[in-house]
Amino acid sequence: MQALFLLSLLEGAFGTIVLSILTFICGGAVGFVVALARLSPIRPIALAAAAYIQIFQGIPLLVQMGLAYFGPILLGIDSIPPLGAATLAMSIFASAYLGQIWYGCLLSVAKPQWEAAETLGLNRWQRMTRVILPQSIRIATPPSVGFMVIIVKNTSVSSLVVGYHELTYNAKIINNATFEPFLYFGLAGLLYFMICYPLSVQSRSLERKFNVAHR
Amino acid sequence: MEYEFDFKAVLAYGPLFSQGAWTTLVLTFWATLAGFSFGTVCAVGRTSGPRWLQALVGAYVEIIRNTPLLIQAYFLIFGLASIGIRLPIMVGVVLAMVVNIGSYTTEVMRAGIESIKRGQLEAAECLGFSRAQTFLHVILKPAMERVYPSLVSLYVLLMLGSSVLSAVGVEELFGISNRVQSATYRNFEVFIVLGAIYLALTLVLRGVFWGLGQVLFPRRRKLGTAL
């Protein structure tokens, strides 16, 4: 019986990892567009991007889950699969934070670099792709890897509204059957730690590595 | 299918929402106060305690920062109940929040304390400051001043994160919304109203922290710099 419970925990951990990866990819793509939009010379676009970040950073993920789960009714879609709703909500949440991180990183590329690129006669697209992006990726990588930890941890709420089966959900189901919270929530905590800790360490080591390169 | 919004039914539960929002703010207040104190003590232990204490605090920070609040709350609240320690729900929830936010505060305050230059401590010693005076005026306050914006972000995120604690049965803002959903069946509208209330709470909280910062750190206000 216990082996079954452990298997169920591992299955939950797999669900957590799948949702985290989907979130990082989708949220990352939207976040990148948001960061670029915030830098746009067209003021309404920049303001809309800033508002997007403010709004989705100011609403709890659980509420975003609810909006993503029930929102498609507007389009005439009665129900959306749990993984789809969870990915949608998590991606919007992640895109606001990643957008803010990447906006900061794009801005942190020194101003003379922009001016130098302009002097060289590069157009806006070339300036961005050949001068600014390669430099800002270096700055943005450590906090982005660090943010992955936050994504993994936040997947834990996705069962509460949309009913996606991830690690916390499976741990709760097992606890309801066994009444052994110390053991099973402890094991779930351990699994989260095993997923997140390497990411935290990697984020810190990247930060050190890139700092040295900057000196 | 054309969806018709019906906010009237949801807004009729205004008093219930404000009751939930109040509970959220009360939870955040106590968790912030206790979490800041606990985190600061841990940060002092991490920076100047004996080696075993530094290792212990380091392990606490790593374990908590790499596991979700919801699992910590389940572990603490249901776990403690299973060994016979039955805390009132609000106490259990604040305890989970304090354990969680304490670890983040530890790291932020540690960075603040480590940013204090040695010369400052030597200057305090030359001026004849006692250990307590040095700690309060030369270490704690300037450290807090430097990391204040980061602390504010942490506590605003804590308020937003407290929504997950509805899962252990506390009737804060998100918990209240479950009742409104069951009563009205207007799920989408409930979430829109919830989003608006949380957004307003975020702005209010940021405003309060800004005001508190102006009172606590008048030097910064005068200089107008982040120091």
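How much accessible surface does chain B have, and what share of it belongs to carbon and sulfur atoms? The accessible surface of chain B comes to about 11,400 Å², and 66% of that belongs to carbon and sulfur atoms. Areas of this kind come from the Shrake-Rupley method with a 1.4 Å probe, and for residues only the protein chains shown count as cover.

Before selecting anything, some ground rules. This is a predicted model, in which local features need pLDDT of at least 70 and side-chain atom pairs count only at pLDDT 80 or more, while totals for chains, interfaces and linings use all residues. Residues are numbered from 1 along each chain as its sequence is written, chains are lettered from A and ligands numbered from 1 in the order in which they are written, and side-chain values use heavy atoms, with hydrogens and water left out.

**Stop 1: chain B**

The average for chain B is 92, and 96% of the residues score at least 70. Now select helix α10 (residues 218–223) of chain B, which has the lowest mean pLDDT among the elements of that chain, 63. Helix α3 (residues 51–65) of chain B has the highest, 97.

Switch to a cartoon view. Chain B has 10 helices and zero strands; here helices (H or I, at least four residues) and strands (E, at least two) are DSSP runs, numbered from the N terminus. The C-alpha atoms of chain B fill a box of roughly 75 × 50 × 30 Å along the principal axes. Of the 227 residues in chain B, 48% are buried; buried means under 20% relative accessible area, exposed over 50%, and partly exposed in between (1.4 Å probe, protein chains only). Among contacts in chain B with a separation of 6 or more, 79% are between residues 24 or more positions apart, a contact being heavy atoms within 4.5 Å.

**Stop 2: chain A**

Chain A has nine helices and zero strands, and its C-alpha atoms fill a box of roughly 70 × 50 × 25 Å along the principal axes. Buried residues make up 47% of the 215 residues of chain A. The accessible surface of chain A is about 10,500 Å², with 69% belonging to carbon and sulfur atoms.

Select A:Asn170, in helix α8 (residues 167–178) of chain A. Why does A:Asn170 count as buried? Because its relative accessibility is 8%. Not counting residues up to four places away in sequence, A:Asn170 touches A:Ser8, A:Glu11, A:Gly12 and A:His165.

**Stop 3: where the chains meet**

Show both chains again. The predictor gives the complex an ipTM of 0.91 and a pTM of 0.91. The contact takes 38 residues from chain A and 36 residues from chain B. About 3,200 Å² is buried between chain A and chain B, and carbon and sulfur atoms give 78% of this area; buried area is the accessible area (1.4 Å probe) that two parts lose on being put together, summed over both. In chain A, the residues that lose the most area to chain B are A:Lys153, A:Phe182 and A:Phe185, together 18% of what that side buries.

Next, select B:Phe75 in helix α4 (residues 69–82) of chain B. B:Phe75 is partly exposed, with a relative accessible area of 28%. Leaving aside neighbours within four places in sequence, B:Phe75 is in contact with A:Pro181, A:Phe182, A:Phe185, A:Gly186 and B:Leu80.

Then go to B:Tyr104 in helix α5 (residues 89–114) of chain B. B:Tyr104 counts as buried, at 18% relative accessibility. Not counting residues up to four places away in sequence, B:Tyr104 touches A:Lys153, B:Arg65 and B:Leu154. Draw a distance from B:Tyr104 to B:Gly35: they are 69 residues apart in sequence and 9.1 Å apart in space, C-alpha to C-alpha.

**Stop 4**

Most residues other than glycine have a negative phi. Select A:Phe179, where phi is positive, about 55°, although the residue is not a glycine. A:Phe179 counts as exposed, at 67% relative accessibility.

Finish on B:Tyr185, in the loop between α8 (173–184) and α9 (187–216) of chain B. Phi of B:Tyr185 is also positive, near 60°. B:Tyr185 is exposed, with a relative accessible area of 69%.

Note on methods. pLDDT = per-residue confidence, 0-100.
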